[in-house]
Amino acid sequence: MSARETAELLLQVGRLVQAEGYDGELSPAQWMALRFFARANPFSRTPSALAEFQATTRGTATQAIKALEAGGYLVRQPFKTDGRSVSLRLTSKGKKANARDPFEVLVRAVDSLDATERTAMRRALHQVLSTLATSGAHRRFGVCQDCTYFGGEMCGNLPSTDPSAAECLLLGVPIQPEDVGLLCVHFQPMNEHREDRPTP
C-alpha cells in the first residue's frame with residue numbers, strides 16, 4: 001500500500017469519526033473541546049491550550065468553549081497561582097456527556113485489534129504526528145510519562161501530599177499520580193534532546 005493510500009485511509013477514518021459527532025447535542029468542534037478538557041492535565045485546561053491542540057485560532061476555540069459553558073458542560077475557574085488566567089473543567093453534565101462520546105466508536109474499533117497491532121499503530125501514528133508537528137508551527141501534545149520533563153519521585157524539595165508524586169522538571173511542580181496519563185501543553189518527547197531541559 002502506498003503512503004498516499006494510507007494517508008487517505010487516515011483521512012477517511014477522521015471524516016467518519018467527525019460525522020459521528022453530529023448527534024444533535026453538540027457539534028464536532030464542541031465534542032473535540034469537551035474531549036480535550038476531559039483529557040488535559042491541570043496545566044493545560046486553558047483556551048490557548050485547546051487552540052494549540054486543535055491547531056486552530058484562539059477565537060475559534062473560544063466559540064466552542066462559550067457554547068459548552070452556556071450549555072452547562074464546562075465551568076471556568078481562576079488559576080490559584082495567577083488570578084488573571086482561567087482553567088476550565090467539566091461539570092457533572094459535561095462528564096455525563098463525555099461518557100457517551102461518539103468518539104467511542106473509534107475506540108471500540110481500535111480495541112478490536114490485537115495488542116501487537118494496537119502498539120504498532122500507536123507508534124506509527126505518534127511518528128506521523130511528530131513529523132507533521134515539526135514540519136509546521138504546531139505544538140505537540142502528549143502525556144507526562146512520555147515527556148522529557150517528567151521527573152521520577154520527588155526528593156522532598158517541593159510540597160506534595162503524595163510522597164510518590166512525580167515532578168514536572170519544566171515547571172518545578174509536583175505531578176499527582178492521576179495526572180500522569182493526561183495531555184499536557186508543555187509536552188516534549190523523551191527521544192528528542194532539549195538544550196533547555198532543566199537539570200534535576
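Student: How many disulfides does the rule give?
Tutor: The count is zero disulfides. A disulfide here is a pair of cysteine sulfur atoms within 2.5 Å. This is a predicted model, in which local features need pLDDT of at least 70 and side-chain atom pairs count only at pLDDT 80 or more, while totals for chains, interfaces and linings use all residues. Residues are numbered from 1 along each chain as its sequence is written, and side-chain values use heavy atoms, with hydrogens and water left out.

Student: What makes C144 count as buried?
Tutor: Its relative accessibility is 8%. Buried means under 20% relative accessible area, exposed over 50%, and partly exposed in between (1.4 Å probe, protein chains only). C144 is therefore buried. C168 has a relative accessible area of 8%, so C168 is buried as well.

Student: Which residues line the largest cavity?
Tutor: The lining is F43, C144, C147, Y149, F150, C168, I175, C184 and H186. Lining residues have an atom within 4 Å of a cavity point.

Student: What makes a space a cavity?
Tutor: On a 1 Å grid over the protein atoms alone, a cavity is a set of points where a 1.4 Å probe fits but cannot get out. Points are joined across faces, edges and corners, and the volume is the space filled by probe spheres set on them. The count is one cavity of 30 Å³ or more. About 60 Å³ lies in the largest cavity.

Student: Why is the contact between D101 and R35 called a salt bridge?
Tutor: The rule asks for a side-chain nitrogen of Lys or Arg within 4 Å of a carboxyl oxygen of Asp or Glu. D101 and R35 meet at 2.7 Å, N to O, so the pair qualifies. The two residues are 66 apart: D101 sits in the loop between α5 (92–99) and α6 (104–111), R35 in helix α2 (residues 28–39). D101 is buried, at 4%. The rule gives five salt bridges.

Student: What links D146 and R122?
Tutor: A salt bridge, 3.2 Å from N to O. D146 lies in the loop between β3 (142–143) and β4 (150–153) and R122 in helix α7, so the pair ties together parts 24 residues apart in sequence. D146 is partly exposed at 29%, and R122 is partly exposed at 46%.

Student: What makes L10, M121, L125, V128, L129 and L132 a nonpolar patch?
Tutor: Patch members have over 30% relative accessible area and no salt bridge; nonpolar side chains (Val, Leu, Ile, Met, Phe, Trp, Tyr) are joined within 5 Å, like charges within 9 Å. These residues form such a patch on the surface, with about 500 Å² of accessible area together. That area comes from the Shrake-Rupley method with a 1.4 Å probe.

Student: Which helix gives the largest share of the patch?
Tutor: Helix α7 (residues 115–135), with five residues. L132 lies in helix α7.

Student: How do you know what counts as a helix or strand?
Tutor: Both are DSSP runs numbered from the N terminus: helices are H or I, at least four residues, and strands are E, at least two. The protein has seven helices and seven strands.

Note on methods:
On a 1 Å grid over the protein atoms alone, a cavity is a set of points where a 1.4 Å probe fits but cannot get out, and a pocket is an open set with protein on both sides within 12 Å along at least five of seven lines; lining residues have an atom within 4 Å of a point.
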